[in-house]
Amino acid sequence: MTVHQSITDETRPAYNYAYLDEQTKRMIRRALLKAVAIPGYQVPFGSREMPLARGWGTGGIQVTAAIIGPDDTLKVIDQGADDTTNAVSIRRFFERTADARTTEATDEATIIQTRHRIPEAPLKAGQIMVYQVPQPEPLRKLEPREAETRKMHAWAEYGLMQVKLYENIARFGEVTTTYDYPVMVNGRYVMAPSPIPKFDNPKMQMSPALQLFGAGREKRIYAVPPHTSVRSLDFDDHPFRIQSWEQPCALCGAADSYLDEVVIDDQGGRMFVCSDSHHCETRRADGHRGAMLADASALHLVEDEAKP
Amino acid sequence: MYVAVKGGEAAILATHDLVAEARRGDESVPELAVAQIREQMGLACGRVMNEGSLYDPDLAALALKQAQGDAIEAAFLMRAYRTTLPRFGSSEPLDTATMAIRRRVSATYKDLPGGQVLGPTYDYTHRLFDFSLMDSPDVMVGLDPTISGQEGASRATAAGDARVKPEHDVKPLDSHMPRVPDILGAEGLMEEEAPPEGDPRPFDLTREPVTFPADRDVRLQAMARGDEGFMLGLGYSVQRGYGNSHPFVGEIRVGEVAVEFVPEELGFAVDLGDITLTECQMVNQFAGSKEVPPQFTRGYGLSFGHSERKAMSMSLVDRALKCRELGEAATYPAQQDEFVLYHSDNVEAAGFVEHLKLPHYVDFQGELELIRRIRKEREKRLAEQQEALPEAAE
């Protein structure tokens, strides 16, 4: 999967292909294999100090570095977009250290590293999603001690989580968790899906893609293998539901995608646009036009639509 | 206004240029040499080596230069470099009893073999500015009399160079400087600390994930690289009220210790060089138990360079964390290994705290959608109640 290859120039000492040394990659792959074998179980791993800040995607970066090879095509998104600063920074990291072929097209990517979103376009068999995870422990806000939460998972003692959801409903009439909404994986482990909006949770269910989760600072790896049940926790009389908007995307007219709110003036003006920038661009290229596309184009707020 | 325009990459590159410019500052002021930082900012370099977990004064100085003196950023640079270095083995255990002493003080005895050696310490300086340091950048000005406490010392020494040691310091130190806890130990009054069976190689938390409850080798390693400010605050907390610690400084010693390594192919120890260390051993009360007669317990701190505050703080927290082994209730933050170990790592802490400035608008949109909907439903409900009320009054 990977080759020994060094990225060198005259002045810098050589780093291994994809930055990590091969021993470390092997250690991470072992953790990944274990994670795939026990869906939703958090596998401790010897997370390395990375040249990027902890909490800025070092878990996802280590997972990607351990699985990427010269045949791969990498897509990196943050908030659904390829051009957010941290996504740009991580993509540059792999372009530099792994000579990676990168893309913005979801269907062309073999590895998609993400923070906070799952692309709108359905994933395919053979694709790998790599999630950056800040807090791998779904029970952490209920129980701060790691020694305790590990026991709760071992005994599948998830009553506390159900009580928390119930209390939400009792107070607000619904579950108020909007992202990092807990899921039950393969009927066994409660898992943090990472801070994706709950809108994206249904995309994990029986996904044909392999889903890998890396938490660098917390030193945990977990996984959802393809075609695995991922159920968002709920109650029979309060079924799980996702976000919806009253208007479609202002640029591409999509009515079924996750929208970001953009403040356009200080008079309360808002526009809602697809968070998945590639999805939005693809739809526009296909001729879909949202209500505010002409305005945005005239102001050069999106790339010129007339361009071939 | 709208971020769909792709400028992220260019903007990031521009920040690199701007930070280089900010780092250099006014170009009419001469640039700092790494050697100057190493020699004249030694305590800062020590902190960077500790929190970067790498003993290399040159790289620590380079890190400080590159990071504009930001200690955490400098420690981050050290760690990101350290992680790429090959591990070729573990050294022999260091013997701090054979330390070439620069400073050694004990609070538990008035005098002891080897004596009290004050060495280079700010302890008895009056914190008055030495403005002569400001005026003459090219002249090697030593300690001012107000700082050294030696009235007239600078006058008494040649060419006014107060760096020349006062006469009583020139006397060679005793070659034998037993560690105070060893003196107590010989009497059986000090908690004995033998290595675990087989003296295994200590845990390396930079290569393996930590599990809890954490053993002492893990705790000490985590604290040695922990943030000085955090360790200081925790140490203070056990002294002040969140813990019942009332320890005595058995000994603080600062000096050089040889690092020895046994290469497999040679089979005997080779001296790799000396490193500067600060060691602090606190003597704490302990009432004893049914099995153990009353004895003192130890809090241990060890740090690179001359960093007493760090070593002392560490030794306070080390003792607090021993509560499980000593059968004490863990009721204070400093006694909880998960709390101390997870939160003392400043590179991790800084990363996670500062990640909050990354875009979070997708999740925030989820919150906005929820709060707007709940408010709308609430207004609807209140309006319905308002309509219902006048009828009820009739």
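Which residues are buried in α4(B)? In this helix, B:P57, B:L59, B:A60, B:A61, B:L62, B:A63 and B:L64 are buried, a residue being buried if 20 or more other C-beta atoms, placed from the backbone, lie within 10 Å of its own, exposed if 12 or fewer, and partly exposed in between. The structure is a predicted model, in which local features need pLDDT of at least 70 and side-chain atom pairs count only at pLDDT 80 or more, whereas totals for chains, interfaces and linings use all residues. Residues are numbered from 1 along each chain as its sequence is written, and chains are lettered from A and ligands numbered from 1 in the order in which they are written.

Helices (H or I, at least four residues) and strands (E, at least two) are DSSP runs, numbered from the N terminus. Because seven of the ten residues of α4 (57-66) of chain B are buried, this helix is largely enclosed by the rest of the structure. Its cover includes α2 (34-40), α3 (42-52) and α5 (71-82) of chain B. B:Q68, with a positive phi near 55°, follows α4(B).

In α11 (216-224) of chain B, the buried residues are B:V218, B:R219, B:L220, B:A222 and B:M223. They pack against α12 (228-240), β4 (297-304), α13 (308-321) and α15 (337-344) of chain B.

Between the chains, 49 residues of chain A are in contact with 39 residues of chain B, contact requiring C-beta atoms, placed from the backbone, within 7 Å. On the chain A side, α3 (85-98), α4 (146-154) and β11 (259-263) each give two or more residues.

Conventions: Two residues are in contact if their C-beta atoms, placed from the backbone, lie within 7 Å.
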